[in-house]
Amino acid sequence: MVVLRSLLFALVQGVVTPVFAVIALCTFPFNPFTRYRIITAWSRLMIASARTICGIRYRLVGAENIPDKPCIVMSKHQSAWETMAFQMIFPPQVLVVKKELLRIPFFGWGLAMTSPIAIDRSAATRALKQIEEQGIERLKQGFWVIIFPEGTRMKPGTKGTYQPGGAWLAIHSDAIVLPVALNSGEFWGRKAFLKRPGTITVSIGRPIHPAGMKSDELNARVETWIEQETARIAKP
């Protein structure tokens, strides 16, 4: 049953994505927020399909911690699921992504129209500058900034190196940081075809104001909370 459900979901995704890619390109004349609202309908459809077809649901812990103004979300990253689901959990947002993702046919074209912060990860200093400059601009526009500090999807139970970009942006923009832990990889694995039914937990920590902290101190604080909370909500 899991195989059949996963196959059906893949078919839906394969049919819908090219259509939305064309729609995304047609939104070019509109302002960034209008483009965002149109394009993210694809994500909403994918999350609804994952729920209906694959039985993947989610629950929020700590929703009361979400502030009422744009901030920087620093989150654990285990699956493609959260890159879509966050668009339903948080206000209009931009992702910090590798610039190579924008070259992916269909998916990358749509992503490019959502005003992402596309960085060159091969040049660390330049990447930090890109995050700082573009991040401050997006925050001023009213967008939230979503950063996966480990830089890539991690299997449940593993941890990558927390890169300094999110904390660096917080220090230089004076924006609040919102740490997020989750266990999506237990149901929608990294690069996995099979999607297993279950309820993903998304846990939102208390906002952290960067005032008086250095970026490495802030980064360490975020890392500690995310890793401890991720371990706590993991399936036994």
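**Note on the α1/α3 packing and the overall fold**

1. In this predicted model, helix α1 contributes R5, L8, F9, V12, Q13, V16, T17 and F20 to a contact with helix α3, where the partners are A41, W42, L45, M46, S49, A50, I53 and C54. By class, the residues of this contact comprise twelve nonpolar, three polar and one charged.

2. Two packed helices are described by the angle between their axes and the distance between the axes. For α1, which covers residues 2-26, and α3, which covers residues 41-54, the angle is about 165° and the axes lie 10 Å apart. Angles over 145 degrees count as roughly antiparallel, and α1 and α3 are therefore roughly antiparallel to each other. Their crossing is right-handed.

3. The pair belongs to a protein with eight helices and seven strands. Of the contacts in the protein with a separation of 6 or more, 75% are between residues 24 or more positions apart.

4. On overall dimensions, the C-alpha trace spans about 55 × 50 × 35 Å along its principal axes. The radius of gyration is 17 Å; a compact globule of 236 residues would have a value near 18 Å, so the protein agrees with that expectation.

5. On burial, 49% of the 236 residues of the protein count as buried.

Definitions and conventions:
Residues numbered from 1 in each chain as written. Predicted model: local features only at pLDDT ≥ 70, side-chain atom pairs only at ≥ 80, totals over all residues. Heavy atoms only, no water. Axes fitted to C-alpha atoms, helices over the stretch in contact; angles between N-to-C directions. Helix = DSSP H or I, 4+ residues; strand = E, 2+ residues; numbered from the N terminus. Parallel < 35°, antiparallel > 145°, perpendicular 65-115°, else oblique. Left-handed = near helix turned anticlockwise from the far one by under 90°. Contact = heavy atoms within 4.5 Å. Nonpolar A, V, L, I, M, F, W, Y, C, P; charged D, E, K, R; others polar. Rg over C-alpha atoms; globule rule 2.2 N^0.38 Å. Buried < 20%, exposed > 50% of the residue type's maximum accessible area, 1.4 Å probe, protein only.
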